[in-house]
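I opened the model today to look up a few local features. My notes follow in the order I made them.

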Amino acid sequence: MPDDPTVVKRILRAELRERRQVMPAHERELAREGFTARLQELVGSTGARSLSCYLSMPTEPDTRPFVRWAEANGIRVLFPVTREDGLLDWTVGEEEDEVTGLHGMPEPVGELLGPMAINDVDLILVPAAAVDATGMRLGWGRGYFDKTLGSMGKCPPVYAIVFDGEFVEEVPREVHDQPVNGVVTPTRIVAF
């Protein structure tokens, strides 16, 4: 294995992306149910009345059933909207439409609230390729969430959402990488 963390990350991301693409439909359905239940448990245990969560791509852990549950239960949900300057904007997606944002990510349509809107949530849910036993998160390489989390003065709990096999012993890290406070898989919630 190479020593350069950038190269190691690229290799690991490719392996994880391939694993997600070949996951059987029945496993994906079981995982969807598990993620929804675990995320509901996390909201209950944290008492979150507002949170941020991303809209999942087809191969990612499916956040949509959870988001629908949260909104139906009066929880304010902020969604990230990518910007060309490398920052994230935020919206509540009041129009219930989606567009394809920068880098092909699904994003809700709604009034943009600005990058600072994230400071008002009680819980942050982020995507990840993998998370290790120390809470280090391996993202997908764009740096949006690392920049956001690294710039927050008072950050609420941050949980990454990954499949069980993506909660690993160790991931490569670089200076700009931001750890998370916990991980949510279909079968468990782990706080660090």
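**Entry 1: the cavity.** I looked up the lining of the largest cavity and found Arg28, Ala31, Arg32, Phe35, Glu60, Pro61, Asp62 and Phe163. By class, this lining has four nonpolar, no polar and four charged residues. For the classes, Ala, Val, Leu, Ile, Met, Phe, Trp, Tyr, Cys and Pro count as nonpolar, Asp, Glu, Lys and Arg as charged, and the others, Gly among them, as polar. The space in the largest cavity is about 30 Å³, and the structure holds one cavity of 30 Å³ or more. On a 1 Å grid over the protein atoms alone, a cavity is a set of points where a 1.4 Å probe fits but cannot get out; a pocket is an open set with protein on both sides within 12 Å along at least five of seven lines, and lining residues have an atom within 4 Å of a point. Grid points are joined across faces, edges and corners, and a volume is the space filled by probe spheres set on the points.

**Entry 2: ground rules.** I note that this is a predicted model, in which local features need pLDDT of at least 70 and side-chain atom pairs count only at pLDDT 80 or more, while totals for chains, interfaces and linings use all residues. Residues are numbered from 1 along each chain as its sequence is written, and side-chain values use heavy atoms, with hydrogens and water left out.

**Entry 3: second largest pocket.** I found about 320 Å³ of space in the second largest pocket. Of its 14 lining residues, Val67, Glu71, Phe79, Gly93 and Glu96 are the closest to its centre. Helix 3 gives the most to this lining, with four residues. By class, the lining has six nonpolar, one polar and seven charged residues.

**Entry 4: helix 3.** Helices (H or I, at least four residues) and strands (E, at least two) are DSSP runs, numbered from the N terminus. In helix 3, residues 64-72, I list Pro65, Phe66, Val67 and Ala70 as buried, meaning under 20% relative accessible area, with exposed over 50% and partly exposed in between (1.4 Å probe, protein chains only). The buried residues of helix 3 pack against helix 2 (25-46), strand 1 (50-52), strand 2 (76-82) and strand 6 (123-127), where contact means heavy atoms within 4.5 Å. Glycine 74 follows helix 3 and has a positive phi, near 75°.

**Entry 5: strands.** I checked strand 6 next: five of its five residues are buried, so strand 6 is largely enclosed by the rest of the structure. Leu123, Leu125 and Pro127 lie on one side and Ile124 and Val126 on the other. Strand 6 pairs in the parallel sense with strand 1 over two bridges and with strand 9 (residues 158-161) over four; two strands pair if DSSP finds at least two bridges between them. Leucine 51 has leucine 123 as its bridge partner, and leucine 125 has tyrosine 159. Strand 2 and strand 3 run antiparallel, joined by four bridges. They form a hairpin with five residues between them, and glycine 86 in the turn has a positive phi of about 90°.

**Entry 6: cysteines.** I count zero disulfides in the structure, a disulfide being a pair of cysteine sulfur atoms within 2.5 Å. Cysteine 53 is buried at 1% relative accessibility, and cysteine 155 is partly exposed at 36%.
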